[in-house]
Amino acid sequence: MTYRTLHGWAIGTLLEAGAITECEHHGYMKDRSDPHSWERAKAIAAKERFNRTTRDDRLKAIDDVMRSIGDTCPECEPEREEK
Ligand SMILES: [Zn+2]
């Protein structure tokens, strides 16, 4: 898959690693709170190249995405969240 922005690439990498998941009902990204998946995403980001970004750029993008999303979908009622 190709991504146009570093932000998009970071989301794709986190999805691929299983660190985040997309709400099947609303399309919001959710943090799966899985430290192993997050570590895997960071390992990919450190190794894989994206355009002319540096390793630090990519790791920062991963952190930015993780900080910007919650562990629940804002439109799903918490008690109805499927685990
Ligand atoms: Zn939802």
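**Figure 1. Buried face of helix 3 in the predicted model.** Arg58, Ala61, Ile62 and Val65 are the buried residues shown in helix 3 of this predicted model. The buried residues of helix 3 pack against helix 1 and against helix 2, which comprises residues 35-47.

**Figure 2. Length of helix 3.** Helix 3 runs over residues 55-68 and contains 14 residues. At 1.5 Å a residue, helix 3 should span 20 Å, and the C-alpha atoms at its ends are 20 Å apart, so the two values agree.

**Figure 3. Packing of helix 1 against helix 3.** Two packed helices are described by the angle between their axes and the distance between the axes. For helix 1 and helix 3, the packing angle is about 70° and the axes are 9 Å apart. Angles of 65 to 115 degrees count as roughly perpendicular, and helix 1 and helix 3 are therefore assigned to that class. From helix 1, the contact involves Leu6, His7, Ala10, Ile11, Thr13 and Leu14; from helix 3, it involves Asp57, Arg58, Ala61, Ile62 and Val65. By residue class, the contact of helix 1 with helix 3 comprises seven nonpolar, two polar and two charged residues.

**Figure 4. Thr5 in the segment before helix 1.** Thr5 is located in the segment that precedes helix 1, the helix of residues 6-17. Because Thr5 has 11 C-beta neighbours inside 10 Å, it counts as exposed; the cut-off for this class is 12 or fewer. Thr5 and Glu75 are separated by 70 residues in sequence and, C-alpha to C-alpha, by 26 Å in space.

**Figure 5. Positive phi at Ser33.** Most residues other than glycine have a negative phi. Ser33, although not a glycine, has a positive phi of about 50°. Ser33 belongs to the loop between strand 2 (29-31) and helix 2. With 10 other C-beta atoms within 10 Å, Ser33 is exposed.

**Figure 6. Positive phi at Asn51.** Asn51, a residue other than glycine, also has a positive phi, with a value near 45°. The loop that contains Asn51 lies between helix 2 and helix 3. Asn51 is exposed, since 11 other C-beta atoms are found within 10 Å.

Key:
Residues are numbered from 1 along each chain as its sequence is written. This is a predicted model: local features need pLDDT of at least 70, side-chain atom pairs count only at pLDDT 80 or more; totals for chains, interfaces and linings use all residues. Helices (H or I, at least four residues) and strands (E, at least two) are DSSP runs, numbered from the N terminus. A residue is buried if 20 or more other C-beta atoms lie within 10 Å of its own, exposed if 12 or fewer, and partly exposed in between; C-beta atoms are placed from the backbone. The expected span of a helix is 1.5 Å times one less than its number of residues. Two residues are in contact if their C-beta atoms, placed from the backbone, lie within 7 Å. Axes are lines fitted to C-alpha atoms, for helices over the stretch in contact, and angles run from 0 to 180 degrees between N-to-C directions. Angles under 35 degrees count as roughly parallel, over 145 as roughly antiparallel, 65 to 115 as roughly perpendicular and the rest as oblique. Ala, Val, Leu, Ile, Met, Phe, Trp, Tyr, Cys and Pro count as nonpolar, Asp, Glu, Lys and Arg as charged, and the others, Gly among them, as polar.
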